[in-house]
Structure formats: C-alpha cells, structure tokens
Amino acid sequence: MQGLRQRRNSVEEKTNVTRIALLTGGGDKHYAFGLATALTSKNVFIDFIGSDELASPTLDSNPSINFLNLRGDQNQKASLIKKIGRITLYYLRLLWFGATARATIFHILWNNKLEPFDRTILLLYYKLFRRRVVFTAHNVNAAKRDRVDNLINRSTLYIQYHLVDHIFVHTDKMKAELEEEFGVPSAKISVIPYGINNMVPVSSLSAAEARRQLGVKGGDFAMLFFGLIAPYKGLEFLLDALSELLKKCHRYRLIIAGEPKWNDAYWKKMKYVITRTGIEAQIIQRIEYIPDEEIEVFFKAADVLILPYTHIFQSGVQFLAYNFGLPVIATDVGSLKETVVEGRTGFICAPCDSVDLAKTIERYFRSDSFCKLEQQRPLIKEHADAEYSWEKVATITERVYSNLIAGGQG
C-alpha cells in the first residue's frame with residue numbers, strides 16, 4: 001500500500017500530467033472502468049468519484065487513479081429515511097469536493113438522483129470554483145424516450161447543455177439533436193464511439209455448456225432479450241414475432257434476462273401476452289438483475305441478440321453482445337443501423353413491426369452468420385474491438401481536456 005501511494009504521488013507530481021475528476025454517478029461500472037483505464041494511458045490522472053458498487057482492486061492498484069468513494073452504499077432495499085440520509089451526505093461530500101479538488105476539469109458521466117439540481121445549481125457551483133465541466137450525454141433526452149418528458153426536464157436539460165464547456169455523444173444523430181433541439185453549437189460537441197464492454201468476466205465456458213445450464217437444446221434457435229425491461233425496448237413486438245414463428249417451427253426459443261425498469265407494470269403486460277398466446281413453454285425467463293459474473297452464460301448460450309427497440313439512440317447491450325462475438329438483430333431506430341454491419345455483425349429490421357421482425361429472424365437463421373456462428377464470433381469481436389476501442393474514446397477525450405486547459409472550447 002505504501003509503494004502504491006508513492007507511485008501515485010510520483011504520477012501526480014509530473015508537470016505534464018492532466019488531472020481530471022471523473023464523476024460517475026455511482027454506477028455504470030463497465031463504461032466508467034473502460035474510460036478511466038484508457039485515459040490513464042494518455043497521461044491523465046483521475047480523481048474517480050465512485051460508490052461501493054464501483055470499488056475494485058482494478059482501480060485501487062492503478063497509480064494514476066485516486067478512487068474516492070463519496071457515494072457509498074446504494075442498496076435499493078434500504079429504508080426511505082436511510083436513503084434520504086445517504087443522498088444528503090453524498091451531496092455534502094460532492095460540494096466539499098467541488099470546492100477543494102485539485103482537478104480543474106470535472107467530467108460528468110451521469111447525473112445523480114436529483115437531476116434538476118445537478119443540471120443547474122450543482123453545475124453553477126462547480127463553475128463558481130472555476131471548474132471546466134464536460135458531460136457525456138449517453139441519451140440526449142432520456143425522458144422523451146421514456147415518454148415522461150415535461151417542461152422542467154427540457155428546461156433543465158437546456159441549462160445543463162449550455163452551462164457545460166463540452167459535450168460528448170455517441171452518434172452523429174445525437175449531435176444533430178443537441179444542435180437542433182437545444183441550440184448547442186457544433187464546436188462544443190464531440191462524437192465518440194461507445195466503448196466496447198470488455199469488463200464482464202469471460203471464462204472458458206463453452207456454448208454447449210452454457211446452453212445446458214439454461215435448458216436450451218442443441219437444435220434450438222436461441223434468441224436473447226437482455227437488460228432492463230421497459231416500454232421503449234419493444235418486447236411486445238418480439239413476443240408477437242415469436243408467436244408467429246412458432247406456428248411454422250417449434251425450434252425457436254427466447255431467453256428473457258433482466259429486471260423491469262421503475263416498476264413491473266410493463267412486465268405484467270408482457271407476462272399476460274406470453275400466457276395469452278401460449279408461448280410460455282418456449283421462453284426461458286430470468287426476471288431479475290443479472291450480476292456481471294453470470295452474464296456470459298446468456299451471451300454464449302444464445303445464437304443472436306434481439307434489440308426490438310421503439311426509441312433509443314444507442315444500446316450498451318449491443319456492445320456487450322459484440323464483446324462475446326454474438327450477432328444482433330436490431331430495429332432501425334436511433335443510430336443502431338450505423339453500428340450493425342448487415343450480414344456480418346447482424347441484421348436490421350423495421351421498428352414496431354412484428355411481421356418484419358419475424359421475417360428478419362427467419363433470414364438470420366438461414367444465413368451464414370448463423371450457420372457458421374462459431375467461426376463468426378471471433379470476427380465480430382475483432383471488428384468491435386477495432387471500431388469501438390477505448391483507446392479511440394480516450395484519444396478524443398484527452399484532446400478535449402487539453403484544449404480546455406489551453407483555454408479553448410474543447
């Protein structure tokens with residue numbers, strides 16, 4: 001521990017090191033770890049603002065990362081009083097950090113629980129202490145996607161986008177929306193790849209063993225729906241497509257793995273559809289949060305990932321699939337089409353159209369992508385590693401930091 005402290009002090013003392021604070025919001029482990037690790041290779045020293053969830057030997061052992069657990073415990077089963085207490089304490093710690101931090105650049109990956117406060121008062125507080133603030137907009141307007149948009153949300157988003165010094169987005173369409181709907185100057189926005197999710201543990205588990213563990217038979221056509229279960233994910237269209245496919249062939253199997261978002265009202269509707277259509281026997285259900293160490297079994301057991309989304313810009317689940325070399329079938333919404341190489345990494349179909357989705361699924365299972373899946377998996381991973389590498393993300397990000405330090409807009 002003493003040796004690590006000495007190495008960390010040595011890194012900090014170098015005059016050419018860029019020091020930044022990475023405010024993670026306490027979650028999104030894969031993105032935060034990938035970005036932080038890549039940035040340290042660019043001579044960046046990071047005050048990593050995290051939580052119990054993000055505490056890791058990977059961060060502790062890196063001399064260019066100073067892990068600060070300001071968020072602490074985030075157990076959702078805690079009492080309301082305890083939740084209020086720990087959120088209050090967290091914001092007090094953030095305010096103290098904002099006033100005393102040595103970093104001149106604050107990079108916000110995610111806002112915290114009180115988003116209107118974060119977008120306005122907290123940002124102004126950081127600016128009061130002459131922080132240059134950059135923000136990664138993983139979604140330009142998530143409330144619009146989730147159909148809960150309102151005046152307060154749009155107003156505070158507008159303020160945030162104009163207060164920060166630079167904004168990172170993942171696609172050209174996201175950049176265009178920032179310019180058109182929020183009036184953000186083009187020069188203030190950088191498009192970066194969505195870094196490949198390579199933080200999930202990968203073992204020597206074979207596809208055959210993964211299928212055995214989940215109860216998928218050798219001759220089944222296994223499709224995977226993975227992640228948060230929410231209305232914009234379009235699960236109902238996949239269920240309708242499956243119902244039609246099963247009328248022609250009983251080899252189709254659907255794996256649904258993930259937890260409902262907010263509450264289970266939407267999932268209850270989906271369960272009703274499953275029961276009403278009589279397809280329950282062909283569906284493997286794991287309706288809960290999937291820990292990192294259990295993720296690989298789903299992506300190795302599946303023959304294809306299905307993204308039947310109705311509204312989204314980019315999907316982290318897609319890049320998780322690519323890390324396992326798993327092809328995707330995605331709807332043509334947001335920028336999903338830009339990240340699917342037709343016939344090579346997957347196929348695109350029309351959104352909100354179960355008939356076209358069913359046809360595309362049939363086309364995939366007749367294609368070489370499926371017939372030669374084991375040969376295709378390493379090629380898909382190789383392609384993704386090259387196109388969506390963290391090294392690319394870090395290069396663009398560090399350049400923005402340097403320009404801001406030099407007094408530019410980024």
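**Cavities, a pocket and a helix pair**

Modeller: Please keep in mind that this is a predicted model. The largest cavity holds about 60 Å³ of space.

Colleague: Which residues line the largest cavity?

Modeller: Its lining is made up of Asn 139, Asn 141, Ala 142, Lys 144, Arg 145, Glu 177, His 311, Ile 312 and Phe 313. Helix H6, which covers residues 142–145, gives the largest share of that lining, with three residues.

Colleague: And how does that lining divide by class?

Modeller: The lining of the largest cavity divides into three nonpolar, three polar and three charged residues.

Colleague: How many cavities of 30 Å³ or more are there in the whole structure?

Modeller: A search of the whole structure turns up three cavities of 30 Å³ or more. The second largest cavity has a volume of about 50 Å³, and the residues lining it are Leu 23, Gly 25, Ile 108, Trp 110, Asn 111, Asn 112, Asp 118, Leu 122 and Tyr 126.

Colleague: Which helix gives the largest share of the lining there?

Modeller: That is H5, which supplies three residues to the lining of the second largest cavity. By class, this lining has five nonpolar residues, three polar ones and one charged one.

Colleague: Let's stay with H5, then. At what angle does H5 cross H7?

Modeller: The axes of helix H5 (residues 115–128) and helix H7 (residues 151–163) cross at roughly 25°, and they come within 8 Å of each other. Because angles under 35 degrees count as roughly parallel, H5 is described as roughly parallel to H7.

Colleague: Is the crossing left-handed or right-handed, and which residues make the contact?

Modeller: H5 passes H7 in a left-handed crossing. On the H5 side the contact is made by Pro 116, Arg 119, Thr 120, Leu 123, Leu 124 and Lys 127, while H7 brings in Asn 153, Thr 156, Leu 157, Ile 159, Gln 160 and Leu 163. Sorted by class, the contact of H5 with H7 has six nonpolar, four polar and two charged residues.

Colleague: Changing topic to pockets, what volume does the second largest pocket have?

Modeller: The second largest pocket has a volume of about 210 Å³. It is lined by 13 residues, and those that lie nearest its centre are His 170, Ile 192, Pro 193, Thr 339 and Tyr 388.

Colleague: What classes of residue make up the lining of that pocket?

Modeller: The lining of the second largest pocket has six nonpolar, four polar and three charged residues.

Conventions:
Residues are numbered from 1 along each chain as its sequence is written. This is a predicted model: local features need pLDDT of at least 70, side-chain atom pairs count only at pLDDT 80 or more; totals for chains, interfaces and linings use all residues. Side-chain values use heavy atoms; hydrogens and water are left out. Axes are lines fitted to C-alpha atoms, for helices over the stretch in contact, and angles run from 0 to 180 degrees between N-to-C directions. Helices (H or I, at least four residues) and strands (E, at least two) are DSSP runs, numbered from the N terminus. Angles under 35 degrees count as roughly parallel, over 145 as roughly antiparallel, 65 to 115 as roughly perpendicular and the rest as oblique. A crossing is left-handed if the near helix is turned anticlockwise from the far one by less than a right angle, and right-handed if clockwise. Contact means heavy atoms within 4.5 Å. Ala, Val, Leu, Ile, Met, Phe, Trp, Tyr, Cys and Pro count as nonpolar, Asp, Glu, Lys and Arg as charged, and the others, Gly among them, as polar. On a 1 Å grid over the protein atoms alone, a cavity is a set of points where a 1.4 Å probe fits but cannot get out, and a pocket is an open set with protein on both sides within 12 Å along at least five of seven lines; lining residues have an atom within 4 Å of a point. Grid points are joined across faces, edges and corners, and a volume is the space filled by probe spheres set on the points.
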